Amino acid sequence: MRLVALDTLAERIGLKRGQGAAEARAMCPALDVIAADPAADQAFLEGLADWCDRYTPLVALDGKDGLFLDITGCAHLFGGEKALVSDVLSRLFALGVEARATISSSAGLSWAASRHGHDAVIGPEEADRILAPLPVAALRLPAETAAALERVGLREISDLLKAPRAPLARRFGAQLLLRLDQARGRVDEPLSPRLPVPSFSAERRFAEPLQDEAYILELTRHLAKDVRASLERQGEGGRLFELLLFRVDGRVFRVQAHAAVALNDAGRIAALFRERLQAIHDDLDAGYGFEILRLAVLRSERLDPAQQDFSGVPDESQPLAAFVDKVSARFGPDCLMQARFAESHLPERAGGFAPLRDVAALLDAPGLKGGVFPENRPLRIFAHPEPVEATAEVPEGPPRSFNWRKTRYRVARAEGPERIAAEWWIDGEDHPTRDYFRVEDQEGRRFWLFREGLYEREVSSARWFMHGVFA
């Protein structure tokens, strides 16, 4: 058992990460050791990342115990960079979280300074001065590289700044110089946000926490009006909306609503969330109330202006879209399914069902305009072909009789074969070919069977399967 995390007091008495628990107890007999829970730690870190959305939507995870926030263009909303850092740390302290934070022009410099004792705002011209006394491990180097540097006497970053670059690259690799340049701000290091960045958003901050659901819905409608103005300027409509509710204790609720057509109408956007909040009413615990409410558009598309009739309602399949939106918001996006075709020769892969999310695509689907499915296919196709015992007069000919589901059928008429080759890029080159037959028994019942494998070329004894039945 080894130590994986330490609090401030444990660090002061000389304990180190990776140290054995027995050795640590020998140094401090009153040591309190708690079993590590990586899953809970990761969930807690992601919860903090959600909480940090109040400052910027560009939040990235940094390993198991850190966060990167890109606050470009956001600091003035909180009174400047120093005020923003102070607000972050004070709020986290009130939540019972001990944290360190540094603002600088590069992610590498902020990482090094915050993890080695500098809680401040660092200007671009101060990078070398701050980095110089720090250990080489502050450059986010692999442990073996940092150990190799220390063995040759390069213990501080100032030693690397004075040394020639070419020998360092030859001996320790190009990553050393890359990390050094990133920390100094000479090489850009873009962050990868953990969540999609919204195209448009609007928010309200409250002096007193808000708990009443009716007020939340009314404020959502006002936020939708603000979002609509932004959407109209860009000539777009939202397809996926997200309502973020920041609770005073730090928990963040994310409620998403999908629209069947592009929307910029505030009333319909608010109606989506009315249904969603009613559906998740028991899971949305207001606690002591919400202090921030934000409406974001996660996905949008082009929305052309539509001519309205005398009632003021645009003529764009509104009834169907409103029905799909209401039902999907209340019962989930998978409650309505749409038949779709796929690019495949095999019948079981040529079609299927997918959640209905786009009314325009549904109305324009080729299946609604005469259909693209072959006319010689049965009305009912089994998802998995069922084996049958069939007897044929000649090896390559149709069956004369077959046993299926413990019943014997005698074939009166047969058509075929329709040969369908295997999809070698999916099933492999050795997958057998199929010969399909449309057969009718003496009672007038029609079936769709296939023989798997070509005699003397693919298999020595072919197998028969039932794949569908006609009306």
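**Note on the cores, strands and aromatic contacts**

1. Leaving aside residues up to four places away in sequence, Leu295 touches Phe200, Ser201, Ala202, Thr220, Leu223, Ala224, Val227, Phe241, Glu242, Leu243, Ile269 and Phe273. These contacts, like everything below, are read from a predicted model.

2. Which residues touch the most other members of the largest nonpolar core? That core has 37 residues, and the four in question are Phe241, Leu245, Phe273 and Leu295. Two or more residues each are given to this core by strand S3 (200–210), helix H11 (213–234), strand S4 (236–247), strand S5 (252–263), helix H12 (266–279), strand S6 (290–302) and helix H13 (318–331). The largest share, seven residues, comes from S5. As a general background, nonpolar side chains in soluble globular proteins tend to be buried together.

3. Helix H7 (residues 143–151) has Thr145, Ala146, Ala148 and Leu149 as its buried residues. Because these residues cover an arc of only 160° around the axis, they lie on the same side of H7. On the face of H7 turned away from the buried side one finds the exposed residues Ala143, Glu144 and Arg151. The cover over the buried residues of H7 includes helix H8 (157–162), helix H9 (165–172) and helix H10 (174–184). After H7 comes Gly153, which has a positive phi, near 90°.

4. Is strand S13 (residues 446–452) mostly covered or mostly uncovered? Six of the seven residues of S13 are buried, so that the strand is mostly covered. S13 pairs in the antiparallel sense with strand S12 (residues 434–441) over seven bridges, and also in the antiparallel sense with strand S14 (residues 463–469) over six bridges.

5. Across the whole structure, a search finds 14 aromatic pairs. One of them, formed by Trp424 and Trp425, is edge-to-face, with 5.5 Å centre to centre and 90° between the planes. Trp424 counts as exposed because its relative accessibility is 54%, and Trp425, with a relative accessible area of 52%, is exposed as well; both values can be set against the cut-off for exposed residues, which is over 50%.

6. The pair of Phe437 and Trp464 is tilted, because the ring centres are 5.8 Å apart and the planes stand at 40°, which falls between the limits of 30 degrees for stacked and 60 for edge-to-face pairs. Since Phe437 lies in strand S12 and Trp464 in strand S14, the pair ties together parts that are 27 residues apart in sequence. Both Phe437 and Trp464 are buried.

7. Further aromatic contacts deserve mention. One aromatic cluster is formed by Phe382, Phe402, Trp404, Tyr409 and Phe447. The charged end of Arg434 sits over the ring of Phe450, 4.5 Å from its centre, and the ring of Phe470 has the charged end of Arg446 over it, 4.5 Å from the ring centre.

Key
Residues are numbered from 1 along each chain as its sequence is written. This is a predicted model: local features need pLDDT of at least 70, side-chain atom pairs count only at pLDDT 80 or more; totals for chains, interfaces and linings use all residues. Side-chain values use heavy atoms; hydrogens and water are left out. A nonpolar core is a set of buried Ala, Val, Leu, Ile, Met, Phe, Trp, Tyr and Cys residues joined through side-chain atoms within 4.5 Å. Buried means under 20% relative accessible area, exposed over 50%, partly exposed in between (1.4 Å probe, protein chains only). Helices (H or I, at least four residues) and strands (E, at least two) are DSSP runs, numbered from the N terminus. Contact means heavy atoms within 4.5 Å. Two strands pair if DSSP finds at least two bridges between them. The arc is that of the directions from the helix axis to the C-beta atoms. Rings of Phe, Tyr and Trp (its six-membered ring) pair if their centres lie within 6.5 Å; planes under 30 degrees apart count as stacked, over 60 as edge-to-face and the rest as tilted. A charge sits over a ring if NZ of Lys or CZ of Arg is within 6 Å of the ring centre and within 35 degrees of the ring normal.
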